[in-house]
Amino acid sequence: MAEKAVLHFKNIKKSFSGNLVLDGVDFDIYPGQVVALAGENGAGKSTLMNILFGMSVIQETGGYEGEIEFEGQTVKISSPQEAMELGIGMVHQEFMLIPGFTVARNIKLNRENVTPTMIGKFVGRSLDLLDTRQIVEDASEALERLGMEINPEEIVEKLPVGHMQFVEIAREIDKSNLKLLVLDEPTAVLTESEADRFLECIRQVADEGIAVIFISHRLDETMKLADKVIILRDGQMVFEAKTKDTSKNQIAELMVGRKIEADSMVNVNRQFDDQDIILDLQHFSVNMPGEKCRDISLKVRRGEILGIGGLAGHGKTSISNGIFGMYPARGTVLLDGQALHYEKNGEALKHAMAFVSEDRKGVGLLLDEPISLNMVYTDMRTHGSYLKKRGFFTQFDEKAAEKSVNDMIKELDIRCTSGKQLVGRLSGGNQQKVCVARALLTNPKILFVSEPTRGIDIGAKQILLNYLVKINKELGITIIMTSSELNELRTICDRIAIVSSGTVQGILKPDAPNIEFALLMSGEKGGRE
Amino acid sequence: MGRQMKKFLINNAVTILFVIICIIGIILANQPLSYILGEISSRLFRNLTLILALIIPVWAGMGMNFSIVVGAMAAEIGIIAATNFSISGVACMAVAFLVSIPLSLVFGNLTGRLFNKTRGQEMITGMILGFFAKGIYDLVFMFLCGPVIPIKNKAMLLTNGIGLITPIDLNQETKKAINNIWKVTLDKALYFLFFVLIAVQIVLIVRKMVKNQEKFQWKKAYKLYASIAGLIVYAVICHTSETVLFALRFTDVPVVTGIIIAIVCVLITYLSRTKLGSDINAVGQNRAIAISMGIPADKVRIIAVMMSTLLAALGQLIFIQDIGNFATYTAHENVGTFSIAALLVGGASIKKANIGQAILGALLFHTMFIVAPLAGKNLFDNAQYGEYFRVFVCYAVIAISLALHAWKQVMAKRVAEEAEEEA
């Protein structure tokens, strides 16, 4: 191309405390071009954007290697303000609008037109009056460029959710120096028709000569909109091609990437009775901030390991949290055919279910208490075990607890000095083992495990997964495991339900091809099992 | 309709409750109208600036600024300094104000910095800061004045030469110096107010007509009609009721104080329409977004507190000159709580406050203050009951308002969730 590239990432590398999260990302973008950036959670997309915007996390963790060239000049961007001055704009996944301001004031936020006044002249420019008329005019012009009919004098709070994203785009394109626009999953909250409209808008913006980086999990959109697709996987740029030279299936395949050996999947061919349902979710929805799910219908067969997978923010973790009463939920949950009053805290525990939360330090553990108390606490509270009666009072029976605790420590290979060690002093992996032990001591029929291997080392990971398989087989505990790591689910699960946009998109066998998982994750309903 | 009514009642619960209390109180107190009007008028002019000082930090999302106590101290330091040099009359007030400007700005700046460090807990921080500042203030004027800080006016020192006497009296010329510059009776002042109101409405309408090149819109000029109707009703009342006219003529209005208050109101309104005012509001509504748009949130918050502290100093000056003396070590103590209670009574919340609410709140709260002891005396033959009642009510108002605000937020969230689910 004869034109000069707007932006050129040159061999960008970045590591967080020794962990390489970006490894040699290298691509460029030309004016008017739409580049789609695809990849799983944790592939490095947001880190790359953080580098581009000079977010403080990057400097605080030791900067990055490689160079960024902006319009032919090598630049070091050290704050979002600098990025803005260069002409880089961003539309975030969540709305960055002031709710009580009008559309126009939001579009012109911090770039308001002012009329000079006497007071402003003497005291400081910030005391100049706002030129409301000009602000509204500029705003309607920007909205018009997008082809949107939104009243610029409406308060943002009162706008339909679908319109807010357009206001954000209008704000970016109103900046006269805008050269590069980054869109981070902009269509996640839009309905289908709104999303179509939105894509048209983006095309229009690009046609004005503005380069666009488009991050999205919806492959259809990517194919429709982008000129070029770049795929990141584990921090590496694994693919770069013109959209017209590739296909949806190829992208999906590449995103999930890593091959998994057939023999590492231990539970592919187990048979279960489809009529023997232990847990039945019907139109279950949970209002968990950032992880909402709506209308989940799912049947769990007795004795199986069911995986729940999907991308972050699409609602997979809210299912177990809803059942355990952590967040407001509605819908029907049948446990052995009996309705469960999940809205009552502790009800799930009473019915022989146990939960290993993804929020290990917040919900899972009492960090300032010893291992022993942490392990037996739930059992003590729900079943009254390990308690001695003393008249009207009960007292914690340390002796009785000690035996179970020591058994568990041995069983799970928890590295500690003794059961009296404070949980806060343990490593992540050992803490997680304590969580699992605590859940098991309640003798559950169903065990919910959420992100069991997050933030723990490989060795501990394997022990945990093996242990889950073992208790499932030997004790017949039905396990429902939620995880962002697909491969982890595939190793131990009998079936994997993929949740996207808050609903179950489909249920797959662990040995189903990569592409099917990828398509379900990006929200395209595939055939159910 | 019923739903809207309910919403109105919930949103204005504190104000409505107070209107009822005031009406009952006035009936029970059984005092001549002239007395009550006079008291309300003088208290309104005395307290309003202090209440207005609270508005800007509310915009900035910092809640009620309990630390206006610090601004009040700046004013007292100003008066002590002016009295020390035996300046009297309006000059005393002018010097006191000049001294308190830099002091209150510095205090406000430091307070703002502290608030930035304790974001989300501005109210409790402000309250504790008030107690802490009182400690330093006491140290300076109780122990350092005399031995360390030379005091020229020996009459201000205690007999052993250490520490200031309390209370500090303003001399005859200084007492009510600003109030006495120009006084008119309330009946004239109200006529004047109505004429100004009508004139302002007409000017605004004409300006809009010229700007947008449109014809006079009869339907939209309801504010003008309301002003004219108010004037007519007022004139009719004055001409038919002897008692009302007498009471109005009996009451004097300090014009210059009124003008100062009007200027403060105009400046606050002006600020709300400037770039800075817009920034303050943006930071108040969502700090994270404001920062991401490049608004220096911390700086904006400091400026908001500085303005508030400066206005508090001015307010305390007006307050003290009206009373004519101040308890050296305790005059600032209740400034924060009383002003905040008044603003909340006017219908403000920790998220929203405007000038109208400040004026309404000042009227209602101080009416209660006047009538409560009298009502208690008539009802129980003991003024103590009323006295107890008004102090109790002051704190109750703050507690109820804060609880109501939290409750409203929960309700709003629930409604939003339900709406989302229906959609």
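I will go through two pieces of this predicted model, a run of paired strands in chain A and a helix pair in chain B.

Some conventions. Residues are numbered from 1 along each chain as its sequence is written, and chains are lettered from A in the order in which they are written. Local features need pLDDT of at least 70, side-chain atom pairs count only at pLDDT 80 or more, totals for chains, interfaces and linings use all residues, and side-chain values use heavy atoms, with hydrogens and water left out.

Chain A, then. Strands here are DSSP E runs of at least two residues, helices are H or I runs of at least four, and both are numbered from the N terminus. Strands pair if DSSP finds at least two bridges between them. Strand E13 of chain A, residues 277–286, runs antiparallel to E16, residues 329–335, with six bridges. In that pair, A:Leu281 stands opposite A:Val333. E16(A) is also joined, again antiparallel, to E17(A), residues 338–339, by two bridges. There A:Leu334 has A:Ala339 as its bridge partner. The hairpin of E16(A) and E17(A) has two residues between the strands, and A:Asp336 takes a positive phi near 50°.

Now chain B. Helices H8, residues 186–212, and H9, residues 222–240, have axes that come within 9 Å and cross at roughly 160°; axes are lines fitted to C-alpha atoms over the stretch in contact, with angles from 0 to 180 degrees between N-to-C directions. That angle makes H8(B) roughly antiparallel to H9(B), the term for anything over 145 degrees. Residues in contact (heavy atoms within 4.5 Å) include B:Phe194 and B:Ile198 from H8(B), and B:Leu231 and B:Tyr234 from H9(B).

Definitions and conventions. Angles under 35 degrees count as roughly parallel, over 145 as roughly antiparallel, 65 to 115 as roughly perpendicular and the rest as oblique.
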